[in-house]
Amino acid sequence: MNTEIIGIIVQVVLLVILSFPLGKYIAKVYKGEKVWSDFMRPVEKLIFRVSGINPEKEMDWKQFLKSLLILNLFWFVWGMVLLVIQGYLPLNPDGNIGQTAHQAFNTCISFMVNCNEQHYSGETNLTYFTQLFVIMLFQFVTAATGMAAMAGMMKAFSRKTTKTIGNFWHYLVISVTRILLPLSLVVGFILITQGVPMGFDGKMEVTTVEGVEQAISQGPAAAIVPIKQLGTNGGGYYGVNSSHPLENPTYLSNMVECMSILIIPMAMVLAFGFYLRRRKLGISMYCVMLFAYLLGIGINSYQELGGNPRIDEMNIAQDHGAMEGKEIRLDAGGTALWSVTTTVTSNGSVNGMHDSIMPLSGMIAMLNMQTNTWFGGIGVGWMNYFTFVIIAVFISGLMVGRTPEFLGHKVEAKEMKIASIVALLHPFVILVGTALAAYLFVHAPEFVASEGGWLNNPGYHGLSEMLYEISSCAANNGSGFEGLGDNTWFWNVTCGFVLILSRFIPIIGQVAIAGIMAQKKYIPETNGTLKTDTATFGVMTFAVIVIVAALAFFPAHALSTLAEHFIL
């Protein structure tokens, strides 16, 4: 037990230490200052020249969003076509056939919006070609899209008054060449040393210790896993994700992969402070998110290392904690840490089965996605937190009788309306989607049966499975309680629309708020200005997030995770 707890502490401490220099580096990259990766500039110039893009041309927030949305529409068409016809494309030594239309729809949208929810098994339902030219490609592009959106917002707030917020294409490219690609190479080399496969051979036939022949998939896993983690993507190369012994062979690979999930989201929060030269504000936001993250780790570690009370009643020793659905080589503590890390971000990868974790651990995992503000996806996590900052500023201004301001710009009715829509959309989509699924399960059993059935665990846990699925989609997370049979018309299509709404409406709203506020007259700070970089305001923001987001889900948890916990 002590060894497991030490492993958790070491990983968290390393994350905090490494996030500061990385945050400073990211700020310099987006500000155009001199950095060690400047050797990539000729490659970037070639990309812009071939694409006919002028990276120096400034965009207003509407042009910025138009470019972002057009890019995503193009990749949607690209992914749909390749996934459906993959059986006729090269790099298919195992002869995998194309996906069905509804499965391709879900897969394509899921990876396009940085969710990477998988209603398929990677090694048996995709070819090497689509793993590389759809899955891995999207994991770079969609991650960079979120980073570019945040970069535009940082530029907007760094100026006193401006109508432009930078160039989307410029931010997109340098996010890949200067941040994602270098870090992916470092992580990839480490994983290769740990035994993660890297090649294009077909399945390998081996004889197990039971004397049974088994076909084991290989392929370019070491190239795909790094960006899966670093880009908060989470789409596993193998069907069981990072619980697979080839995707995550050792405790060291587990540490590297787990830390890779959170390192860029943590650094991006600090980069905001470095970029605006408001380090205290960046650190204040960072500390609120870190507190929520550590609280989740504490609860989940206690639950998973403590074991299942039902097993204790049978006087069976649980020296390694609650080990159902977990890997011995990674232990219960490693899965507890990963379950929190992957859900405070939009990563969604797993190194154990979340369907088997203790009920309160499942509740924490879901609440992380339902608040969707504790670090979150790279770029968009800070942007979600920013939505609640605007609401907290407005409420605080009303409480003290002053005009709400943030970074020298007034927060007025238009911004509040947009922020409120973005904040309330998240619980609305999750609760309505779950209610629809529950209604159909109860009142249209013939429809559910015709789709092959949905739930292996009816009752409280069955509701948890459906609530988790919609929460995961709405948070662009992608993990799941896999007792749910989700590769059906209903879940593929429903989740696809939840993914679209939950990805693009918040980004549009958040960039719009930044663009609108940046155009307003700059108001210098005075002694009467509400300070947003204090511990008091940090507590205020935390309270707003808990009240507006988390408490919206209490009735649903009372009927699912909490009910299941109390019957233990």
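I sorted the lining of the largest pocket by residue type: 12 charged, eight nonpolar and five polar. My classes: Ala, Val, Leu, Ile, Met, Phe, Trp, Tyr, Cys and Pro are nonpolar, Asp, Glu, Lys and Arg charged, and the others, Gly among them, polar. That lining has 25 residues, with Y30, G32, E56, H170 and I174 nearest the centre. Pocket here means an open set of points on a 1 Å grid over the protein atoms alone, where a 1.4 Å probe fits, with protein on both sides within 12 Å along at least five of seven lines; lining residues have an atom within 4 Å of a point. I noted a volume of about 480 Å³ for the largest pocket, taken as the space filled by probe spheres set on the points. Helices α1 (2–31), α2 (41–51), α6 (128–158) and α7 each give the lining at least two residues.

This is a predicted model, so I kept its rules in mind: local features need pLDDT of at least 70, side-chain atom pairs pLDDT 80 or more, while totals for chains, interfaces and linings use all residues. Numbering runs from 1 along each chain as its sequence is written, and side-chain values use heavy atoms, without hydrogens or water.

Mean pLDDT (confidence per residue, 0 to 100) is 90 for the protein. Helix α5 (residues 122–125) is lowest at a mean of 68, and α7 (residues 168–193) highest at 96.

Next I checked V225, in helix α8 (residues 221–230). V225 counts as buried because its relative accessibility is 0% (the cut-off is under 20%, 1.4 Å probe, protein chains only).

Technical notes:
pLDDT = per-residue confidence, 0-100. Helix = DSSP H or I, 4+ residues; strand = E, 2+ residues; numbered from the N terminus. Buried < 20%, exposed > 50% of the residue type's maximum accessible area, 1.4 Å probe, protein only.
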